[in-house]
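My notes are below, in the order I looked things up.

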Amino acid sequence: MNDFLAPVFESGFFTSSTVQVALLVGGIVALVAGTVGVFTVMRGQSFAAEALGDIGTTGGSGAYLIGVGPLWGFVAISVVAAGAMEAIGIQRPRGRDLATGIVLGAALGLAALFLYLYATQSAHTGATVSILFGAMFDIPSSTIPLAVLLGLIVAGIVAVLYRPLLLSSVSAELAAARGIPVRAVGALYLLALAIAVALAAMTIGTILSTALIVGPAATALRLTRRPGAAMLAASLIGVGATWLGIVLAYDSYAWPPVHHGWPVSFFVVTIIFALYLLSGVPGLWQRRRVASRPVAPAVAGTGDR
Amino acid sequence: MVNAWTEATIVAVIAGVVGFFTVLRGSAFVAHAVPNGAFAGAAGASLVGINVLIGLGVFSLLGALGIGVLGRRGRHDAVTALALVFMLGLGALFVSLTVEDASEIYSVLFGEVLGVSSAELVPTIVLAVVCLAAVAILYRPLMLSSVLPAAGEARGVSAFRIELWFLALVALTTTMTVPVVGTLLIFSLMIGAPAAARSFTDRPGRAIMLSAMIALVTVWSAIAISYATNYPVGFFVGTISALCYALGRGWAAWRRGRTAQLAGHRVEAATAGT
């Protein structure tokens, strides 16, 4: 068994405590991100997710500056930013992108300042890279309880909101007519998204965190139309991509040209992107078949949108 | 220093002009995504040892067209997000394969205007001329397709083709602006100034001029303050852009309030007269 798997898992993979922590935390984060992401994609809030992630850079660098764990910074800033975006007006699709963009721009400027200050203060420059592109193998095991707690909070919010959130994501008017407080539901959901993004930022980095939220969910929603099944599929895809990425990154320490290992987040993001592209293939094929059929009135609507 | 000013001036004008269309089309997300592809380009160029500008150009164009084509099927915003993170991931890989010290990454991401040589100025000027020419040629169809896509289609202006042209324009702008404000912050220049300009005037021609002027003021004052305080330019660009936008919003709200008040007075006067 071990000999068979030797080419895949470099020696010491399962015994390394760094890898164990990475697998555990990475798995939890991917699970949460996939679940939340289905609603993000359904509601068309990918830009919000992206912005919350990028803004995490400000929090992470601020946390480095005052000397607390980066996860605290990620969570604090993205919850604040979610509040700001909600206040500026995230309801109207067009103005909402603009408002998101402005908040994002200002926050990134602040991040530039914090990173600069940290670099001049401490004379070691690793902070920029590990905040932006993640530090999967640098997660201290003391973070596990906090990560689990945050994951449970997100899962709790999604579980409680599931039905009203689903309805208001599909049709806000219908939800409002049924007496669902659409705005409050949206705001609570944004809070869950902010926490999920912060968790993802810890594993694959602030500016890549969207990949875990949006990628598996967009892929899953192409494979199935049922939200529950999509959430399950998205979580599985996310966890699979994360774990495979960790394995490859661990292996890559032996790869040319430099023997210091390729970034984990590169692998994770690439796998997610490739899966998304692959998931479009059946739809393409199906549509071509439908188009080539002489009369196909009933089936025409079932293709990928 | 003179080179830096010239470079920054050109960059600000182009960002202001192209940014106007970005805001008009509601394409803030794309304007954020394309420069991130450029980051991968810059990192890749320094990996294989070619001119950074070529890397920036190729990758931002690839990213832009990729988003355009993939976004046609599938959900546009999810595709944009995915293409963007994929490019960034590639950038992370290139960076880890080349650079040992991270200060170079920092300057690509957040910009470094003060180190521009006069040889670097030439490509910027060429790109700027190409950019302005493209805007001039595309002006009417771009405007029509941005404001009324359906009417554009009826007149034979393909919204998809215009979208691709527009994305190429954003890529071009990205290529020239990245060395100044950095991939993460161009976007705030391309959004803040035009958004502010649009709350001051409704006329497109005037808004474009105003947008370029606001961008210019933003960049100039950012460089001056950065020079005086030694803090990064990007911080001031981001902050001043957001301030301009807030001022624009405030002005629009105030004017709306006044118009409503005047209308109210008029109604009162009319009802009192009868």
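**Ground rules.** I am working with a predicted model, where local features need pLDDT of at least 70, side-chain atom pairs count only at pLDDT 80 or more, and totals for chains, interfaces and linings use all residues. Residues are numbered from 1 along each chain as its sequence is written, with chains lettered from A and ligands numbered from 1 in the order in which they are written.

**Fold.** I counted 12 helices and zero strands in chain A. Helices are DSSP runs of H or I with at least four residues, strands are E runs of at least two, and both are numbered from the N terminus. Of the 305 residues in chain A, 50% are buried. Buried means 20 or more other C-beta atoms within 10 Å of the residue's own, with C-beta atoms placed from the backbone. I also checked contacts, which need C-beta atoms, placed from the backbone, within 7 Å. Among those in chain A between residues at least 6 apart in sequence, 72% join residues at least 24 apart.

**Interface.** How many residues of chain A are in contact with chain B? I found 45, against 44 residues of chain B. H5(A) gives the largest share of chain A's side, 15 residues. By class, that side divides into 27 nonpolar, 14 polar and four charged. Here Ala, Val, Leu, Ile, Met, Phe, Trp, Tyr, Cys and Pro count as nonpolar, Asp, Glu, Lys and Arg as charged, and the others, Gly among them, as polar.

**Core.** The largest nonpolar core has 192 residues, and Leu193(A), Ala196(A), Leu199(A) and Leu82(B) touch the most other members. Such a core is a set of buried Ala, Val, Leu, Ile, Met, Phe, Trp, Tyr and Cys residues joined through C-beta atoms within 7 Å. H5(A) gives the most to this core, with 16 residues.

**H3(A) on H6(A).** Thr57(A), Gly60(A), Ser61(A) and Tyr64(A) in H3(A) meet Ala127(A), Ile131(A) and Leu132(A) in H6(A).

**H4(B).** H4(B) is mostly covered, with 20 of its 23 residues buried.

Notes:
Contact = placed C-beta atoms within 7 Å. Buried ≥ 20, exposed ≤ 12 C-beta atoms within 10 Å, placed from the backbone.
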